[in-house]
Protein chains: 2
Amino acid sequence: MPAVTKADIRPEAEYDVVIVGAGPAGCMADLCLTTFGFKVLHIDNRPTTTEAGRADGIQPRTLEVLRNIHAVPYEEGKAGLAKRMINQGVRVQEVSFWDPTEDKELARTSRAPSCPDFIDVEDPYTLLLHQGLIERSFLDEIEARRAHLPADKKAPAPHGNVFRPYEFETCSTDASNSQYPVSATFHHADTKEQLTVRAKYLLGVDGARSLVRRAISGGQVGDGEWQGKIRMLGDASDIIWGVMDVEVKTDFPDIMSKCLIHSRSSGSIMVIPRENAPTGQPLVRLYVQLQSDAGPDGKQQHYGRDASEDICKERARKIFAPFKLEFGHTAWFSVYQIGQRIASNYTLDQRIFLGGDATHTHSPKAGQGMNISMLDMYSLAWKLNMVEKGIADPSILLPTYEQERKGVAEELLKFDKFYSTLFSGRSPQSDQLTADATKAKAKGAVDPELFIETFKKNAFFTSGCGAVYFANCLNALPESDLVQKYHKKGVFSPEGTKLVIGQRLLPGKVTRAVDANRVRIQQEVKMNGAFRIHVLAGDHATAQPTLKAWDQFLDSSASFVNLYRPRSGVKSAIVFNDHESRHIEPERGTREPNYNPFFDFLYVFANAHTEWDIEDLPYNVRIYREHIYADDQFDRRVGKDVKASLHAKYGVSTEKGGIVVVRPDGYVGAVVPFNQDGFEALNAYFAGFLTGSQKASL
Amino acid sequence: MPAVTKADIRPEAEYDVVIVGAGPAGCMADLCLTTFGFKVLHIDNRPTTTEAGRADGIQPRTLEVLRNIHAVPYEEGKAGLAKRMINQGVRVQEVSFWDPTEDKELARTSRAPSCPDFIDVEDPYTLLLHQGLIERSFLDEIEARRAHLPADKKAPAPHGNVFRPYEFETCSTDASNSQYPVSATFHHADTKEQLTVRAKYLLGVDGARSLVRRAISGGQVGDGEWQGKIRMLGDASDIIWGVMDVEVKTDFPDIMSKCLIHSRSSGSIMVIPRENAPTGQPLVRLYVQLQSDAGPDGKQQHYGRDASEDICKERARKIFAPFKLEFGHTAWFSVYQIGQRIASNYTLDQRIFLGGDATHTHSPKAGQGMNISMLDMYSLAWKLNMVEKGIADPSILLPTYEQERKGVAEELLKFDKFYSTLFSGRSPQSDQLTADATKAKAKGAVDPELFIETFKKNAFFTSGCGAVYFANCLNALPESDLVQKYHKKGVFSPEGTKLVIGQRLLPGKVTRAVDANRVRIQQEVKMNGAFRIHVLAGDHATAQPTLKAWDQFLDSSASFVNLYRPRSGVKSAIVFNDHESRHIEPERGTREPNYNPFFDFLYVFANAHTEWDIEDLPYNVRIYREHIYADDQFDRRVGKDVKASLHAKYGVSTEKGGIVVVRPDGYVGAVVPFNQDGFEALNAYFAGFLTGSQKASL
């Protein structure tokens, strides 16, 4: 038994949150909640982190989120979450399609970019590295953040806060216990010692065969997971695939690319390049369709889940023919069955939540599962934080978790069904995506229009950027109650707005005035649990009267900043203080800066930073001096001829300005004009889900 | 005494190279030589790495070099050299000039970009982090590379290969000892145990008061360093500056920027932002001119080198007035005297070499010393490698070290004199660099034309990109002997060429065909001791006959690839094998790929990679399959309307193609046409300094 499995440190009796499962989703939950200052108990039934294989693809939107989570300085020389993964992984920027042709047993029939250029992201690729590297990056970062927890939130725990190996037994809620309504029982897998802890919340991210799901669904072991209150909807297919991370030597030209290979009669393979093995040898992941030759009765037979590695390799060699395929060391081998299933509910009582594979299972080949699972927890964590800090109404905010994330999972399953079908048939003709259409046609490709549309839509979804949220209290879309019933028309998403509510903020570069650094606006506020109010003030001179009115609005007791404040004693939304500065603010009577930890403000002017001075801005603006920018950077997607690229990209006029509200998870919640109408609309937006006491002394 | 100073591990008796001094220059030497497989003894008289302060600015060209050195995978989660430093440091992208004006005691009179846009670099900023972080990044990377050394080159050593604290005593050369002509004596600073080791080379990078320099110059302790064969030319001035890394609070608006502040009568300050202290507090570096108030005789008095921290802080407060300046913790404080001195020789016998501060000292304020010092060693190491591997003539190649690097140091001293003068006078008016000239003039600025020219020239130099080399055997400039005497005119740097021989290769993005990754061409071959032959083949179809001729040329016994090979037994120029691949090359009789470890080949076609296939290229081309590219990426500096941006930027016609020879240190050595004339010119170029036995069996 390895040393780490020893039950040296025992969990305490009470926690804010219990997390069951320490895969990527559980790690994300732990990281976010620790950052928000929660006391977290995290258990997993595996003795160590993943050692090889499993999930391996990080999509552009997930990388954007990981970059936004950022890093707290820890061990010298260790990179933070996103950079560490990027340093270790390999990038897939293209997909090749290989099929039998008239004159060749196997030929490259088309290619398509993995993340087409129309998707506006910082990292236009899928990053591949194995799940263990991902988990360990999280655990190191969690450990670093635990150092910042206040004493009453920091319980002793192993490195990275995960207690292993602990088997979950059951959990329940008792509404009469107002402080710790949740009770959870589990036992140490080796010593069998049983423990019961109490908590405010429990998160079940313990995978496709979730024991938490079974516990709350009311089902019993043996009666099927679909018998209780929470049902897994959908079916497993009878198609079996083998998957292996393996060293290969081959004369197949595209072995360094992602490939979809369809053989004439031996089935299909997906090739995924992988980061080097610890030995330094390059690995390749192969998804191999396990289809047996015709049986004695003439029918095609499928291998069962007991198909061996050798059968899988033999099949791979047949599909690759006429190319040679030599195998070296196998780092990981597994067999799985395709299916698409989704949980009927993500929670029953807003105390015990499910997420990740516990709520959605599907084919692994699109590289979506881990991404959507991590983002489930990323999406839930800030909502729990707002509720627990006393600024949001739980009965309004918490149901948006299931509503938003189940919607995304449903899209995922639809996509996965399409993708699986695509993969079992012939590959599409898509080199017209990189060359021009005429040439593609000349090569005998099918008419590309339809396929491009289909491909685009799916690429947008698989990049993670297409995980869109629908109208609710957080997303002031035209069809939302808020906007429908609002007394003035045309205030939300005013004419010209190009940002889409319920989608992530589009990236763009600006110049930070305080140090003239060229920075990415969407990464300027790191994950801190706060709403990000982007004031695109437009032209500096024109904006002066409105800035003055805005300053007064922010000071008034009737503004959202002062109406909605966390319960007393809460000075920060996270465990680091992000308003420390080396700057002495010119005094203004005896007033302190009017910071509200749940709102962060960014100001962007259309003019170069050399044309104005931070010191001349109104008080409530200049106290955010490190978040004041000039919109004077070149953006390829906007073009050289347009001044103020970010204003243009967001569809905000430089004459009028505009305010973009971005939720703590990076989604655009509302766009309003930069004028008194807009200020009032912000109040109305936040009134929809925030509560909290007004600041005492204004 | 800290544990690390214990003389647990004793140096052995014989090494390939002894390095004296483990500052950034010594670390660079160790890193490069270890990569090249040398057995290195590295000593330093300090008990640990730098703990605070000292050099702190890494310039764009140095970052380019550090990126090129790359990383070998070592401890999980640790970033490589360049990324690690970038993760830890802060970026200076602008300089502000503050002066007294008619109506203000101190006002921002102008601004200028730290690295103006006309300089074509990946990292257009100065990266600031303290010397200890830099040294430790190097030591970790050296340790990782030592793991790859063959047994006979790997002597036991402390982490990072530096023996501490060892005091150098003396060294000498004895030509009669053909294997180990160098002898060096030193002693352990604590135990006083004396050691004498023998080596092939000794590198003295032991700082401004170099004991190695004294030993080989023939001077004696006490008779002044300028009495021997190597003299330090130049003078120290009597101007004293204090420098401190300190936590401050201030209402000075530009504290996050680099600033040059001239007060009316209290002297000058340079403000340099710094990375956060280990405490998390932001640090600032202040260079403070220590000028006393007028003495009783009415004359201005300067403080001596004994000026205290308090005097320095008091002076700083006066210069900052009317802004407030409150001091927190001081991380580092020192006092220095401005001077510009350069060594008359860098070596006497091509066995013992000097570099870094041992050869050039000057004001630290331009952030040049450490950069040029590191690059001294970067420049020397590959030359030693070629000589020791038996492929280059030492009597031709080694003298180019002093010739090239002394030239750069002379430029540095000229610049430093200019810069020091600038800094002691009033600041230039330069907001015209970021705004337009008319506006600047309207604000009362002086005529900008002259200043911009001067500023540009210096920014080019201080970025490191302006460290240009002159005509010699390595740099086939028009005025070089090679080109002057060459039998055909117009072959070297053919008409249209935009790359400048003796300057670094300009960066550019291309698409790597093998995996469709968008990559930076200048970073595609990592430091491996080899010449990089960039074949810009132009249009794929047009290039076919020339590619065939090139393939035959590379096979012929009269081509440089076969004429100049290392001594037998040398299979690689570095300790990693960089030709490992997962690809099985289609067989071609019994022939092995014709790799020569001292030449690397890159192929760039003007057409998208979807329009051609690696498999259809000639054998000698396609064996470099991971270095075959499409020139189809957008380059802002070339524009949207030009196809094949890299061809255009380098001035290579897509109809004719061209060959760009880049030296192992990233400098352009020669540009020739992609035709038979060009092939012969390559032979002539390499004949100028390479030797080595022809490959036995061709």
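Reply: Two strands count as paired if DSSP finds at least two bridges between them. By that rule, in this predicted model, 3 strands of chain A make up an open sheet with the order 3-7-4 and antiparallel pairing. Strand 3 (57-58) and strand 4 (90-92) of chain A are the edge strands, each pairing on one side only. Strand 4 of chain A is joined to strand 7 (residues 126-128) of chain A by 3 bridges, and the two run antiparallel. One residue pair can be named here: A:Arg91 has A:Leu127, in strand 7 of chain A, as its bridge partner.

Now the interface. Chain A puts 59 residues in contact with 58 residues of chain B. The size of an interface is often given as the accessible area lost when the parts come together. For chain A and chain B the buried area is about 5,500 Å², with 44% of it on carbon and sulfur atoms.

The rule finds 6 salt bridges across the interface of chain A and chain B. A:Asp613 and B:Arg108 form a salt bridge, and their closest N and O atoms are 3.0 Å apart.

On the side of chain A that touches chain B, the elements giving two or more residues are helix 3 (81-88), helix 4 (131-146), strand 6 (107-113), strand 12 (232-250) and strand 15 (282-289) of chain A. Helix 3 of chain A gives the most, with 4 residues. By type, the residues on that side of chain A are 29 charged, 17 nonpolar and 13 polar.

How values were computed
Residues numbered from 1 in each chain as written. Chains lettered and ligands numbered in written order. Predicted model: local features only at pLDDT ≥ 70, side-chain atom pairs only at ≥ 80, totals over all residues. Heavy atoms only, no water. Contact = heavy atoms within 4.5 Å. Buried area = accessible area lost by both parts, 1.4 Å probe. Salt bridge = Lys/Arg side-chain N within 4 Å of Asp/Glu carboxyl O. Nonpolar A, V, L, I, M, F, W, Y, C, P; charged D, E, K, R; others polar.
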